[in-house]
Amino acid sequence: MNYSGAEILIKSLEAENVDTIFGYPGGQVLPIYDALYDADIRHILCRHEQGAAHAADGYARATGRPGVCLATSGPGATNLVTGIANAHMDSVPLVAITGQVPWSLLGRDSFQEADITGITLPITKHSYLVRDPSELARIVKEAFYIATTGRPGPVLIDIPKDVSSTVNEYIVPEELHLPGYKPVSEADSWQVVEAAKAIAASERPVIYAGGGVIISGAHEELLRFAELLMAPVATTLMGLGGFPGTHPLSLGMLGMHGTKYANFAVCECDLLIAVGARFDDRVTGKLETFAHEAKVIHIDIDPAEIGKNVRVDIPVNGDVKIVLKQLMNVLQPRLGEAWREKIQMWKKEYPIDFCDNRELKPQAVIREIYRQTGGDARITTEVGQHQMWTAQYYTFSKPRSFISSGGLGTMGYGMPAAIGVQAGCPGDTVFDIAGDGSIQMNIQELCTAVNYELPINVAVMDNGFLGMVRQWQELFYNRRYSQTKLFNPDFVKLAEAYGAEGFRVTKRSELAPVLEQAIRSSKPVMIDFMVESEENVMPMVPPGESLSKMLG
Amino acid sequence: MTHTLAVLVENTPGILARVAGLFSRRGFNIDSLAVGRSEDPGISRMTIVVEGDDSILEQVTKQLHKLIDVIKITDVTRDDFVDRELVMIKVNTETSTRAEIMQLVDIFRARIVDVGPKSLTIEVTGYESKINAFENSLRPFGILEMVRTGKVAMLRGFKSITISDHQKREETN
Ligand SMILES: Cc1ncc(C[n+]2csc(CCOP(=O)(O)OP(=O)(O)O)c2C)c(N)n1
Ligand SMILES: [Mg+2]
């Protein structure tokens, strides 16, 4: 039987078990929207294509299944770019589908033509410009396979309008033929043996766990591995939730705004076991002094990450879940009590804490959210101080519960991501912990949440500043607050205008009751927390400094 | 250190942009890049000459491997290989210098491919140092124009770089 290219696309998406698409229509995707009209796939109309891309990204991070977004050619496609870059930096399986002008008009600067495969070349894992409807079914299958396997990432499919409207046969693609793409799973046994030897010989090991742990679903293996070695675990921002934050071996987050004890432990360890992490500069600080006494084992699925930023003594190239199992097969339990005692001492001496003066401190708000949700909510964030406080004061213990823009640091990520999370996990309590600056970058998506009855909770840490930038101005630019003081709208009224519920909290005494009310509400909620305006995120490693040189 | 990489890629429309873009955004220096069809019509072969120490080369190789359409990468510099480049040089000639230039053409086993009233177009193939020497010896006469294909390279003897043995692609990792 014959189908239009658009129908073939929808059939192929159904074959990939896609249940939700986040998108926005336009001229060159009319055939696709027409085919969607009677498809079994739920389409969520976001209010900006960037929102659609972030929502698909949030959906993917929360569920582990690929997120799908759809936009028209030209401005629709370019509006996806930030979302695609964001997914690329954090290795999120995203399939972005864009309309394109028909082949007959391509390359002529036609109306709403943009070379989106060219524009996104450096920020996609792979991309396709479809030439013929006969290729579509295979391309969709390849795209999902590439997006979700190995080190996941965004794949873009650009579909000219003539391709989506021309009729063709739908042939279910057979085996994929990708001779240049062979993701690894098991590590070579010599690498495992070398790593095991180094582990056995170490006295002060530290596990440095990144987002790879969550992506590969290795949290249980990591827990067993850490307990087998009795080795402390520091996680990156992306790794939060990959190891229970409540566990005695947890060091919390390391790096620029990490805990002192995590950073001290890394500075003094004799063996650093990096598990699905990529030695980002926000983690390492000054590279020359990072873990300078340690041998480094680097376990990663992407061989290009190994040795990219730091010298690695023992590369272990494989899927971290499988590699951890391989290692546990050859490792003996160990105790290392002296090392743990030392860390215990640091934990006592330098706990992560703030000066709680009973005013409405942002840290106190986040602790209260943690208390009331029992640590069970899915938390997204925007970017800035509130993001770091969330990482520090909401103790994450489950994978896929902390969803934040790590690599790109995209303000405006949190609310659309929360929408995607809520769409993928309908029964869960979802919070976007936001800043008053960031929230306005994709505020229009509040309309989407109301429209689709997605009861997200948006907690705005309203400090009247682009706080993180202000903090840097305070510390490194002599308090010259250039363009960081914010004039804000009335967030309560704004929420109500969108059809959400709005609350305001100005005093500490209102915090618990209002939060309770918000969580109980079955509607999308926005809470304006009028927090202290010049609070700083501490501790802090000044940029380019060693991890041992922490302020605060 | 200069490395010569033989890279087999799927013959897809965007592949050249992908490879070139990768080099520029990661800050790797390409000395030359030559592309054409391989013995298999679906597969193109690139010869890429890169400058860099072992750690840079390792990154280049690993990053190239991440491109889905890159099938196999071999650093021929690690083995016994032959490389060649084809160059065309249009050189200024006077009646007084023509004979001398023809003599150089002979010495370097170059070929004259076009004769103009005041110029000769000369083709020469060879390895890099020969070509450089030839270019230098023509320079005093006045080089009007020069075009180089970039280097192509192949392993010596029975060894070959083809897809059939691509299981061995890890050899460069
Ligand atoms: C799209 C984008 N633009 C600019 C920045 C730079 N930036 C990082 S944090 C920040 C301030 C964020 O302010 P707010 O959302 O109020 O959060 P706060 O730091 O006050 O908690 C800015 C401007 C960014 N990360 N993303
Ligand atoms: Mg703010």
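User: In which loop of chain A is Y477(A) found?

Analyst: Helices (H or I, at least four residues) and strands (E, at least two) are DSSP runs, numbered from the N terminus. Y477(A) sits in the loop between helix 20 (467-476) and helix 21 (491-498) of chain A. The model is predicted, so local features need pLDDT of at least 70 and side-chain atom pairs count only at pLDDT 80 or more, while totals for chains, interfaces and linings use all residues. Residues are numbered from 1 along each chain as its sequence is written, chains are lettered from A and ligands numbered from 1 in the order in which they are written, and side-chain values use heavy atoms, with hydrogens and water left out.

User: Is Y477(A) buried or exposed?

Analyst: Buried means under 20% relative accessible area, exposed over 50%, and partly exposed in between (1.4 Å probe, protein chains only). Y477(A) is exposed because its relative accessible area is 54%.

User: Which residues make a nonpolar surface patch with Y477(A)?

Analyst: Patches take residues with over 30% relative accessible area and no salt bridge; like charges are joined within 9 Å, nonpolar side chains (Val, Leu, Ile, Met, Phe, Trp, Tyr) within 5 Å. A salt bridge is a side-chain nitrogen of Lys or Arg within 4 Å of a carboxyl oxygen of Asp or Glu. Areas come from the Shrake-Rupley method with a 1.4 Å probe, and for residues only the protein chains shown count as cover. Here L475(A), F476(A), Y477(A) and L551(A) make a patch of about 350 Å².

User: Which residues of helix 20 of chain A are buried, and what do they pack against?

Analyst: An α-helix has 3.6 residues a turn, so residues three or four places apart point the same way. In helix 20 of chain A, the buried residues are G467(A), M468(A), R470(A), Q471(A), Q473(A) and E474(A). They pack against helix 17 (385-393) of chain A. Just after helix 20, N478(A) has a positive phi of about 60°.

User: Where does M441(A) lie, and which residues does it touch?

Analyst: Contact means heavy atoms within 4.5 Å. M441(A) is in the loop between strand 17 (430-435) and helix 19 (445-451) of chain A. Leaving out residues up to four places away in sequence, M441(A) touches M411(A) and G412(A). M441(A) counts as partly exposed because its relative accessibility is 47%.

User: How many helices and strands does chain B have?

Analyst: Chain B has four helices and nine strands, in the order β-α-β-β-α-β-β-α-β-β-α-β-β along the sequence. Of its 173 residues, 47% count as buried.
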